[in-house]
Amino acid sequence: MRFARVVFTRYQHKVKYWMTFNEINNQANFHEDFAPFTNSGLKYLPDEDREPVMYQAAHYELVASALAVKAAREINPALQIGCMIAMCPIYPLTCAPDDMMMAMNAMHRRYWFTDVHVRGRYPQHLLNYFARRGFTLDITEADRQALTEGCVDYIGFSYYMSFATKATEDNPLLDYDETTSLVSNPYVKKSDWGWQIDPVGLRYSLNWFWDHYQLPLFIVENGFGAIDVREADGSVNDQYRIDYLSAHIAEMKKAVVEDASI
């Protein structure tokens, strides 16, 4: 908190909009090493049960975020503090009811972080999941009070792609695991390294966030990676990147003008 107070105090008259933790929800994929380390500084021990460790670390982060929000308001009430979510909407592969429920559970597991940031409390579906899995987190009354008092003013998010998922017979409880539950979406194209190119997904994401939270929305990351070829004169003829950005901007405009989602 000392660092947060120092930068809020030093830059309060130069910077109005702040965010606490970048793409905090990427650590929902607790099986891999990169996101838990970059999100929470986690380096799992060998044979450690990673999932409850991730939830505990995320809780401490969310409390720290809430305390930072409260500190900013004490220093300068005009400051606006937001969260930052990595948004990859998760579609059902088909309209089969179990696929629909699988997609719902997937969205729950990946985006509950936003519920805590915005509402200051854990969603009941996650508390029920903790009880079923036997996870007991270190959550104090002081933590609960901090979360309630430190809700964010807006939602910042990145958007690059959408995901898809489906129910399988070996997963009767329809639990979402990002390393095994994602499937290829046959209705969208993919980038050179497999990221699904889905401009409509940005429109859907804006509507989803607005329907759930009714807070101002900031798209803070979007772009297209490709194997670019540098011409002899040093230029890159990246019409594919222009097309990508143009299509996403068009869908963003639809979300604002047609859907009134912002």
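Me: Which residues of helix α6 are buried?
Reply: This is a predicted model. Helix α6 runs over residues 141-149. A residue counts as buried under 20% relative accessible area. In α6 the buried residues are Asp-143, Ala-146 and Leu-147.

Me: Within what arc do the buried residues of α6 fall, seen down the axis?
Reply: An α-helix has 3.6 residues a turn, so residues three or four places apart point the same way. The buried residues of α6 line one face of the helix. Seen down the axis, they fall within an arc of 100°.

Me: Which exposed residues does α6 carry on the face turned away from its buried side?
Reply: Exposed means over 50% relative accessible area. The buried side of α6 holds Asp-143, Ala-146 and Leu-147. The face turned away from that side carries Glu-141, Ala-142 and Thr-148.

Me: How many helices and strands does the chain have?
Reply: The chain's count is 8 helices and 8 strands.

Me: What radius of gyration does the chain have?
Reply: The C-alpha trace spans about 55 × 55 × 40 Å along its principal axes. With 262 residues, a compact globule would have a radius of gyration near 18 Å. The chain agrees with that, at 20 Å.

Me: What share of the contacts with a separation of 6 or more joins residues 24 or more positions apart?
Reply: Of the 262 residues of the chain, 47% count as buried. As for the contacts with a separation of 6 or more, residues 24 or more positions apart account for 72%.

Me: How far apart do the centres of the positive and negative side chains lie?
Reply: The accessible surface of the chain comes to about 13900 Å², with 57% belonging to carbon and sulfur atoms. Among the side chains, 24 are positive and 34 are negative. The centres of the two sets lie apart by 7 Å.

Me: Is Glu-23 buried or exposed?
Reply: Most residues other than glycine have a negative phi. Glu-23 is not a glycine, yet its phi is positive, about 45°. Its place is in the loop between β1 (17-19) and α2 (34-40). At 14% relative accessibility, Glu-23 counts as buried.

Me: What is the relative accessible area of Leu-174?
Reply: Leu-174 sits in the loop between β5 (163-165) and β6 (189-190). Its phi is positive, near 60°. Leu-174 is buried, with a relative accessible area of 11%.

Definitions and conventions. Residues numbered from 1 in each chain as written. Predicted model: local features only at pLDDT ≥ 70, side-chain atom pairs only at ≥ 80, totals over all residues. Heavy atoms only, no water. Buried < 20%, exposed > 50% of the residue type's maximum accessible area, 1.4 Å probe, protein only. Helix = DSSP H or I, 4+ residues; strand = E, 2+ residues; numbered from the N terminus. Arc of directions from axis to C-beta. Rg over C-alpha atoms; globule rule 2.2 N^0.38 Å. Contact = heavy atoms within 4.5 Å. Areas by Shrake-Rupley, 256 points an atom, 1.4 Å probe, with all protein chains shown as cover. Lys, Arg positive; Asp, Glu negative; His and termini not counted. Charge placed at Lys NZ, Arg CZ, Asp CG, Glu CD.
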